Amino acid sequence: MKKHFLIFLIITINQWSLMAQEAILGMVATSKHEPLVGATVQVLGTDKGTITDVDGRFEISASNGDRLIVSFVGFDTDTVEAETGKMMHIMINESAEELGEVVVSSGSTFFDNMESKNLEIITEKELLKAACCNLSESFETNASVDVSLTDAVSGAKMIRMLGLDGKYVQINRENIPHVRGLTNRYGLGFVPGTWIQSIDVGKGAGTVVNGYESMTGQINLEFKKPENSEKLYLNSYINSFGRFELNGNRARDLNEKWSTGILAHADYFGSEIDQNDDGFMDRPKSRQINVLKRFKYNGERIVGQFGLNVMRDEKAGGQTGFDFGDDHKTSPEYGFVNNTTRIEAYGKTGILFLDKPYKGWGFLYSASFQDMDGGFGREPYDGKETTLYFNAINQNIIGNSFHQYKTGFSVLYDDFKESYSSLNLNRQEIVPGGYFEYSYLPNDNFTMVAGLRYDHHNLYGSYWTPRLHLRYQSGKNTVWRASAGRGYRTPNVLMDNLPMLFSSRNISITEEIKPEVSWNSGASVTSEIALFNTPVEVAIDYFHTYFENQLIADMDASFTEVFLYNLRGRSYAHNYQTQLNFKLSEKLSTRVAYKYYDVKTTYSGVLRRPPFIPKNRFFINTAYATKYEKWKIDGTLQWRGKGRFPDMSNHPITDVTFDTETPSYFLLNGQISRGFRWGNIYLGSENLLNFRQKNPIVDPENPFGTNFDASMIWGPVTGTMVYAGFRYKVKRK
Amino acid sequence: MAGVVLPLLAQKSPIKVKEGLKIEIQTSAICEMCKEAIEYDLTFEKGVKSADLNLDDMVVTVIYNGKKTTDEKIRKRITMVGYNADHLKRDSVAYENLPFCCKDGGHDDDH
C-alpha cells in the first residue's frame, strides 16, 4: 500500500522560490544505503516540494533550519532540518505500518508522537528480547499487553489489554484482519515470532477504515517484506522442556519491480512435562508447519503485494500417556486434541498518482479457510470457518492538505460452524459497510480525526460506528491525546470461552446470543522530561470501556454448570497506566510501568470482578547493549497483584482447601545474546524465580467425574525454563 | 572534497593503554555510512575491544588485545570492508559493493 496521504504533507508541488533562500542538496536512501528514486521532499509550512532523481538526489530551495519532510511509499516519513553548505544524507526506514503516518523516533519501542492514536511501536529489535516463539510471547517485554494462559491443559496463551480479554482487540496483519473468529484463542500461536518485523500496539478505539471490530485496541503486525529483508535468515531454538524450532526466511528480487520471499516455520514438542504431579501434562505435545510465500510489486503507478499462507498445527494434551494420533473418544486417559489447518490468500494493491502524492486508492483483500477438529476429554469438537474480506480505500484532500479524508467500502463474509458434544452453533455473516474518515491537520501541533462507518449485518441489522481522535502537542515533546469510539463483535460462543471446555461443567446457553457492543474512551499524555540529568519518556494513559452488550460466561453460579447469556446490567473496565522509559546511558535503558485495572461485570444480577484478574500490576524491563549489539542483556520482572478466586466454599470436594483469592506473584525472564558478523547466539530463561500455581486443576484424578475443572488458572503452570538458539543472517547488498 | 585524495601521513604504531593496545588508523571513510560499516565490522573482529571512527580526520581508533590480533590484521580487515587503511589499499571487490555514497565522488556535491 501507499503512504503519500501523509500527515503534514504539503501538497502543491510548485517551482517558485524565495530570493533569500539557498539551494539545499541532498540524497535520500534506505537504511541499507540504497538510493530512493521518486521520494518526495518538501519544505514544512510551504508549498515547495520536489522528487528525488534516479540517484536518489534532490535539490530544493530552503533556508538553513527549515524542516524538510521526506516521504516515500512504504517508508516512514521523516522530518529533518535543512542544512545549507553540505550534501545532506537522509536515510529513511521501511514503514512499520504501511498505511501509517509520520514516525520521527527510533529505538526498540517508542511512542509515535505524530500519530493521532495512542500508538506504541514494537520493533524487531525489541522482539528479539523474547526469543521464543510466536506472537503470544512477543508482548513479554511490553507493559501495555498482558499475556497469560487460558487454561491448565491447552497451553494456549491469551492477551489482555485495558484489563479486558484480547478478543476485544482487533489483530491485523498489514491492516487485514488476521487473528479472529475460530482462531482467536490459538491464533497467536500461529504467528511465528521470526516472521514479524514490527508490531503497532494501539490502545483505545481504532480507525474506522479497518472495520468495527476494534473495541479496546488495535494491534497491527508487519511481517518481513520480500523487498528489504535479509537474503537468508535461519533460526533454531531449543528449550529445556524439549521444544524444538526451526525457522527459515528467504527474500530476493526477481527483477526491478518484483520481489519475492518465503517465511517458513516448524516446531516440535513431544515431551511430557508434569511438574505438579497431577497426572496432567502441563502443556500439550505439539507440532506445527507454517509457510508463507510472498510477492511484492513496486511499479511506478501501482504497488502491490500478495501472500499465500498454509499452516498445519497439531496438539495432543491432557493426561500423561495421551499421544499424537490417539482417539480421545475412546482413550482411557483424558485426552485433548486440536488439529488446525489454515489456508489464507491475501493481497493489497495501491494505485498512486506521482504528481499528486496525497491522492490514491488502496485495495485490501483476503480469503481464508480454517478447520479445527479435535476434542476435550470424550467430547468431540469441530470448527470450520471461511472468511472473505474486501476493503477499498480512497484517500484525497479537500481543497488543501489541512483537510484530508479516507473513504471507502468493505465487505466481510464469514461462514462459521462450530460444534461441541451435542451443541451446534452455525452462522453465516454477510456484512457490507461504508465509511468516511476526515482528518483536520491545520498545523504541526494539532490533529483531529473523525470517522463514521455504517455496516449492515445480515443477522444483527445496522451497526453505526463513530470514532474520534484528537492530538495536541504542547511544547517540543509533550503530546496530549483523546479518543472515543464504538465497537462491535460477534461472539464465538465456544472458542471465546475455551477454558470452560476443560471442565465437567454443562454448557447452558439460556438465550439467543447477541453481538457484543462496547464504547471506549480515553486520554493520554506522553512527554520527555529530564530526571537527574537522564532523559525520561513518560506516558500516562487512562481508558474506560463500557459494554452495551457482552457475552457472559458465568462460572460462579454453579459448580456443575456454566451459563452463557447476554449482559444484563453493567459491565465496564477502567484502566490506568503510567510508564517511564529511562535512557540511563547509550548502553543501558529501563522501562518501568504500573497498571491499575478496575474491571466489573454483572453476573446473575451481581456486579463483581471477573475471576483471576489482578487489580494491580507492576512491570520493569532493563536492557543493556554494547555498541552494534555485540553483547545484549535483557531482563523483565513482572509483579501481578491479587485477583478474585471464584467462591468455592460449598464445593462438593471437601478434602482440598481452595484458594479464596489468587495470590500476588513475581515473574522474571532474562536473556543474554552475543552478536557476530553472521548473526547471533542467545541464551535465556523464562520464569527464573520458578513460581508455579501448584494445583491448577480441580479434581485431576477424576477427569470424567463431575468436579473436574481445568479453567481455574491464574498463574504459570510450569517452572523455570531455559532456552538457547542462534540466528544466522545473510544481508542483502 | 574528493575521496581519492588521501592525506599522506606517517603510519602510527600501537601504544599501550589500560585495556590493551591502541592503534589509530587512517581510513578513506567519507560519511556516516562508511563510519558505521567500518566500526560494525571491527566490533566483531577477533581481539577487538572497541572501534571509533572520527569522520573529521577519517581516523579510526581501535583498542584490541595484542595476544589475539595485530594492528596489521586490523588494517587488512578495513581494506576488506572496502576502505584504505594507512598504507594498505582497499580491496577492489569490496569497494565495488559499497553503496553509492561511500564511493569516490559520492560526496562531490558537498561544499
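Student: Which residues does A:I196 touch, leaving out those up to four places away in sequence?

Tutor: Two residues are in contact if their C-beta atoms, placed from the backbone, lie within 7 Å. By that rule A:I196 touches A:L127, A:S138, A:V191, A:L221 and A:F223. This is a predicted model, where local features need pLDDT of at least 70, side-chain atom pairs count only at pLDDT 80 or more, and totals for chains, interfaces and linings use all residues. Residues are numbered from 1 along each chain as its sequence is written, while chains are lettered from A and ligands numbered from 1 in the order in which they are written.

Student: How many residues does the largest nonpolar core have?

Tutor: A nonpolar core is a set of buried Ala, Val, Leu, Ile, Met, Phe, Trp, Tyr and Cys residues joined through C-beta atoms within 7 Å. Buried means that 20 or more other C-beta atoms lie within 10 Å of a residue's own, with exposed at 12 or fewer and partly exposed in between. Here the largest core has 78 residues, and A:I196 is one of those with the most contacts inside it. Another core lies apart from it, with 46 residues, including A:V28 and B:I38. In chain A, 48% of the 733 residues count as buried.

Student: What secondary structure does chain A have?

Tutor: Helices (H or I, at least four residues) and strands (E, at least two) are DSSP runs, numbered from the N terminus. Chain A has two helices and 44 strands.

Student: How do β27(A) and β28(A) run, parallel or antiparallel?

Tutor: Strands pair if DSSP finds at least two bridges between them. These two run antiparallel, joined by 12 bridges, and a hairpin of three residues connects them. A:L452 has A:P466 in β28(A) as its bridge partner.
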